[in-house]
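Subject: Structure handover

Hello,

The structure is below, with its sequence. My notes on what turned up follow it.

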2 protein chains.
Amino acid sequence: MKTKEGMDQKGLARRRMLITTGAVAAGAALTQLGGWLNSAEAKGGSTEKWPWPYEKLDPAKTAEIAYNEWYRVFCGAAVISSVFSQLREKVGEPYKSFPADAFVFLEGGQVGWGTICGSPAGANIVANLIIGPRIAGAHEGHQIAADIMQWYSEAKMPVFAPAVAKQPTKIVTTVSDSPLCHLSVGKWMKASGYELASPERKDRCARVAASTAYHLVELLNDWKDGKYESSSDFTCAKEFGLTGQYNCNECHGDKVPAPPKGKGKGA
Amino acid sequence: MKTKEGMDQKGLARRRMLITTGAVAAGAALTQLGGWLNSAEAKGGSTEKWPWPYEKLDPAKTAEIAYNEWYRVFCGAAVISSVFSQLREKVGEPYKSFPADAFVFLEGGQVGWGTICGSPAGANIVANLIIGPRIAGAHEGHQIAADIMQWYSEAKMPVFAPAVAKQPTKIVTTVSDSPLCHLSVGKWMKASGYELASPERKDRCARVAASTAYHLVELLNDWKDGKYESSSDFTCAKEFGLTGQYNCNECHGDKVPAPPKGKGKGA
């Protein structure tokens, strides 16, 4: 199902279901009480306070900004800029002082190394800058990052279509089953036949940044309204004893190594 | 070869060799001329200027801070904090205002998803915040990030040993051949036999953060002295037509897919 903005509603519907069946997260309620969360004593006198003041944004407008910003600063910085450029105008500091453009290097899974796609990497930065880290007593930044990682992996990307596309070609969608740039871009290239340097591939990645910015703002708006609840249902360390994804076989085939068990003082 | 601080000198020696055989990078010279680099017009009025004022730091002292900070904020934020906590005292702003603790979420390859290890992710952030993005005319932040990714993948980790270790066990070292947390931690767990939750594995990751902070400061100090030259010799997109690592066979076996060629307006 698509809205008129072209956003897949599956994730949203699923999250709403979770909200109706579960209590509002205690942490979400806590951060909505209006006070700053004091950081654990920051090293060297930094004044780190959370949450940053947040005003609800329009997901579709944010996605349009991210789409166009991709062509200036690429995926990661485009997602950060799409949210922070609006909050600079609506709120001012600390958004005005935050150097979003420095995150251009998130492109290509960090300077082309194909690790985490810049779009979820940028979204995770935004959520954790606004809400704060779990060591400061806030947990929704961490949870939104986990939601973004799983949603990104499972979505038929790109899910957002810009009002005026720079490449009008009807676009192939693919499921990456991974937050890694190498897999997300590689699977799309295989399905579409377009090479990395093509304008079509670039426009696909601009739309992926836009899609991620759209979903990020949905989650942040829910958090602001005190109705955010995490939708991610996967923790690799708990399930498999190692950090990672949910689809071990895709790289390991039938021979998935078993992490060691029982050695170590904490075991 | 190890120094008394326990740092492997291979990378350093190799880089020095490159410096003697090559010209000082034009970009490095440019940013050392003292002027701010003006960003490409930042969205929404942000005043983004580079480079940030940088004072040379002691690599071994920085590594000690990163090692201890790991136990407060984990890998990514520990690397950021190890550099910025010192620059807050030596320089002041903009380091005082930068919310380093928000980057706790880099832990476990971003909230446990095993993507890029937080240590190189944090180092890349530091280098690009200080030097600025390539769209602002500076290229050394991008280059240092590429150096960090390759050095991290090839190093026998951990290469740094703290003066007073929290876990005195003689530590196994492993080569990850990847900047991914899943592979870096997984290979070390396999070689050492320690499980993820063990204090020994945690201490290994604290030492990896310390090792990365050490090398990052070596590169930043070279940059400050105008003698930085990139040592990385790999660009996956150029060599293989897709973002990624250098060791395709490790995941793909003998069946490495060939990226599409020739389709797309830019092809």
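This is a predicted model. I started with the interface: chain A and chain B bury about 7100 Å² between them, and 65% of that area lies on carbon and sulfur atoms. In contact terms, 89 residues of chain A touch 89 residues of chain B.

Two salt bridges are counted between chain A and chain B. In a salt bridge that joins the two chains, the side chain of Arg134(B) meets that of Glu107(A) at 2.7 Å, N to O.

On the chain A side, at least two residues each come from helix 3 (59-90), helix 4 (118-131), helix 5, helix 6, helix 7, helix 8 (236-240) and helix 9. Helix 3 of chain A gives the most, with nine residues. Sorted by class, the side of chain A that touches chain B has 42 nonpolar, 31 polar and 16 charged residues.

I also went through helix 6 of chain A, residues 181-192. Its twelve residues reach 16 Å from the first C-alpha to the last, close to the 16 Å expected at 1.5 Å a residue. Buried in helix 6 are Cys181(A), Leu183(A), Ser184(A), Val185(A), Gly186(A), Trp188(A), Met189(A) and Ser192(A). The cover over these buried residues includes helix 5 (140-154), helix 7 (199-224) and helix 9 (248-252) of chain A. Just after helix 6, Gly193(A) takes a positive phi of about 85°.

Regards

Key:
Residues are numbered from 1 along each chain as its sequence is written. Chains are lettered from A and ligands numbered from 1 in the order in which they are written. This is a predicted model: local features need pLDDT of at least 70, side-chain atom pairs count only at pLDDT 80 or more; totals for chains, interfaces and linings use all residues. Side-chain values use heavy atoms; hydrogens and water are left out. Helices (H or I, at least four residues) and strands (E, at least two) are DSSP runs, numbered from the N terminus. The expected span of a helix is 1.5 Å times one less than its number of residues. Buried means under 20% relative accessible area, exposed over 50%, partly exposed in between (1.4 Å probe, protein chains only). Contact means heavy atoms within 4.5 Å. Buried area is the accessible area (1.4 Å probe) that two parts lose on being put together, summed over both. A salt bridge is a side-chain nitrogen of Lys or Arg within 4 Å of a carboxyl oxygen of Asp or Glu. Ala, Val, Leu, Ile, Met, Phe, Trp, Tyr, Cys and Pro count as nonpolar, Asp, Glu, Lys and Arg as charged, and the others, Gly among them, as polar.
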